[in-house]
Each structure stands twice: as structure tokens, then as C-alpha cells.
Amino acid sequence: MARIVVVGSINMDLVTTTGRRPEPGETVLGRGFEMVPGGKGSNQAIAARRAGAEVDFVGAVGDDLFAAELRAVLDDAEVGTRRLRSVAGPSGAASIVVDSEGENSIIVVGGANAAMTELADGDLAAIADADVLLCQLEIPVPTVLAATRHARTSGTTVLLNPSPAQELPPEFWSEVDIAVVNEGERARLGSALDHVAHVVVTRGADGAVYRGPEGEFGHPGVPVRAVDTTGAGDTFTGALAAHWHEGPATALAWACTAGALATTKLGASASIPSRTEIEAALPARRSGG
């Protein structure tokens, strides 16, 4: 079982479903509304745990009405919350619009995530003891850089999902072992990814491709009926981290399968499949391999 520490964000997702997403200046009628715990860090932590890893989460919630529920969703998923701190002010929140094709638009407000401006000694110790450090960019970049540098000096593998894509210091990429990006992020980051040993590019329903010391290869998409793509990329990344120790090809199969299954239900954390569900849907198992 891989030991993973996630340093990242946790939000309350405010999800509205509608026939189509509005154009600028347009009002459309919604079909439904739900509040679902999310955030890239929390989603990836839960996904890694459900895919079979031992996971601890380093992050922050506020002192508002959302805080207790956000903490509870990690506890319920058996993600370690000893390093989840409480700060004054609102928790992170995301406004999400999902259309009838399952595609989404998202606006994230950092809240308590923006207060993650430093790492405590206990946070650093947890990173040093982990097999994999998993990070995203919904908390301050200097904090992510501090975490990756400490991981590098401690021999912990660094897996970065550089989302939302943004300009990063050149030295940042030298601390990253594995980058997971979608096709838009790959185009935006360009040559920066050349400095990363392992790069995984997600392609939605078409699966994902890998480039690294193991060569270049892809894994096809797993056919499902998509309901909501929110959190699918996070589920992919968490499952990839959980099985990275088995090699890129195996990790990619787990990740593509988990990510596809995550699109079959509404919401981010609520849609993340269990290890049993992923194993049953793995292409090799379905074909008798």
C-alpha cells in the first residue's frame, strides 16, 4: 500500500445543473442544485484512498458552516486529517455549472486555502515519511514549492497536477518527478514540461498518454455514460498516485478506469469510485486478462 501525503485545497462545491451553460450576459433556468464537498486536493486525496493508498491530507478549512462537513468527508473516506488546520474566515468554495452533456464550468474562491502560506514541522515530517507527495495549485504556489523541495530532499516522489495552470518559477519544475495535465494545460505550459521526467496527459473520453523513461504509450478511454465530468481529472490523478509504484502502465490503467467511472455520478467527491468498483471495470479484467 502506497503512503501518500496530499498538500492542497478543500472546498464546498455549489453545483447547478442546466440544459446548457449560459453565454456571457445570459440567464438560463437551472434543473437542480447540490452542495458537494470538493476541491482538487480533497478530491485527489479521497480518490487515492479509495484506490487503495494510505493517505494524509495537509490543508485548511475556515470557521464557517461548511468547515465541519468538509472535515467529515475526509474522515468518512478514511483520509488522515491530523494535518488539516482551521483558520478564521470562510472555507474554500467553488461555483460549478454542469450542462446536459456533463461538461462543466467552474469558478473557485480560495477562502481558507489561501491561508496555507506555510508548512508546520508536522507537515514536513509527514511529507518526508511518504512515498508520494501529491500537489495541485489551488493553494499558494510558494507553499507548494516548499513542500516539493522538502519532498525532493527526503526522497519522496513528487506528483504535481499543475492546475489551474499558471506561470511558475523555472526552478519549480526541477522538483517535480511526475506531472499530470490535460491537453489545454499541456499547451499552456509548453516547454516547461520538458524538465519533468514523467508526464501524463489526460484526454477526457479518449483516455491518457504517458511520456517518460518507460517510453511513450497511451491507454484508451473506458466507455461509460457520462453524467458529470466534475472531479474526473482529480479521480484520475489520485488513482494514478495510488498505483504509481506498480509502474506507469499499470497506474495509467487504474487512473483511466477510475476517472471514467467518476463521470457516471453527479458531484466530485460523491462520484469517486471504490477500489472494488475500479478493479471490476479494469479493461484487462473485463476481457478476462
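1. Which residues are buried in α1? In this predicted model, the buried residues of α1 are K40, G41, S42, N43, Q44, A45, I46, A47 and A48. Helix α1 spans residues 40-50 and is mostly covered, since nine of its eleven residues are buried. Just after this helix, G52 takes a positive phi of about 120°.

2. Q44 counts as buried because its relative accessible area is 0%, and buried means under 20%. The side chain of Q44 makes a polar contact of 3.0 Å with the side chain of N161, and a polar contact of 3.1 Å joins the side chains of Q44 and D234. Leaving aside neighbours within four places in sequence, Q44 is in contact with L134, Q136, N161, D234, T237 and G238.

3. The largest nonpolar core has 47 residues, and of these I4 and L240 touch the most other members. Helix α7 (residues 248-262) gives the largest share of this core, with eight residues. Apart from this core lies another one, of 34 residues, which includes L119, L145, V158 and L168.

4. What does I4 touch, not counting residues up to four places away in sequence? The list for I4 consists of A48, A53, E54, V55, D56, A130, V132, L134, A241 and A242. One of these, A48, is also among the buried residues of α1, while L134 is also in contact with Q44.

5. The largest pocket has a volume of about 1,200 Å³. Of the 47 residues that line this pocket, the closest to its centre are T229, G231, A232, G233 and D234; D234 is also the residue whose side chain is joined to that of Q44 by a polar contact of 3.1 Å. At least two residues of the lining are supplied by each of β2 (11-18), α1, β6 (92-98), β7 (104-109), β10, α5 (183-189), α6 and α7. Among the contributors to the lining, α6 gives the most, with five residues.

6. Two places in the backbone call for attention when the model is read. Most residues other than glycine have a negative phi, and most peptide bonds are trans. A cis peptide bond, with omega about 0°, joins S163 and P164, and P164 is found in the loop between β9 (157-160) and β10 (178-182). E78, a residue other than glycine, has a positive phi near 65°. E78 is found in the loop between α2 and β5 (84-86), and this residue counts as exposed because its relative accessibility is 55%, where exposed means over 50%.

7. The last point concerns the cysteines. A disulfide is a covalent bond between the sulfur atoms of two cysteines, and the structure holds zero disulfides. Are C135 and C256 buried or exposed? C135 counts as buried because its relative accessibility is 0%, under the 20% limit, and C256 counts as buried because its relative accessibility is 6%, also under 20%.

Key
Residues numbered from 1 in each chain as written. Predicted model: local features only at pLDDT ≥ 70, side-chain atom pairs only at ≥ 80, totals over all residues. Heavy atoms only, no water. Disulfide = S-S within 2.5 Å. Buried < 20%, exposed > 50% of the residue type's maximum accessible area, 1.4 Å probe, protein only. Core = buried A, V, L, I, M, F, W, Y, C linked by side-chain atoms within 4.5 Å. Helix = DSSP H or I, 4+ residues; strand = E, 2+ residues; numbered from the N terminus. Contact = heavy atoms within 4.5 Å. Polar contact = N/O pair within 3.5 Å; in protein donor to acceptor, adjacent residues only side chain to side chain. 1 Å grid on protein atoms, 1.4 Å probe; cavity = no way out; pocket = protein on both sides within 12 Å on 5 of 7 lines; lining within 4 Å. Points joined across faces, edges and corners; volume = space filled by probe spheres on them.
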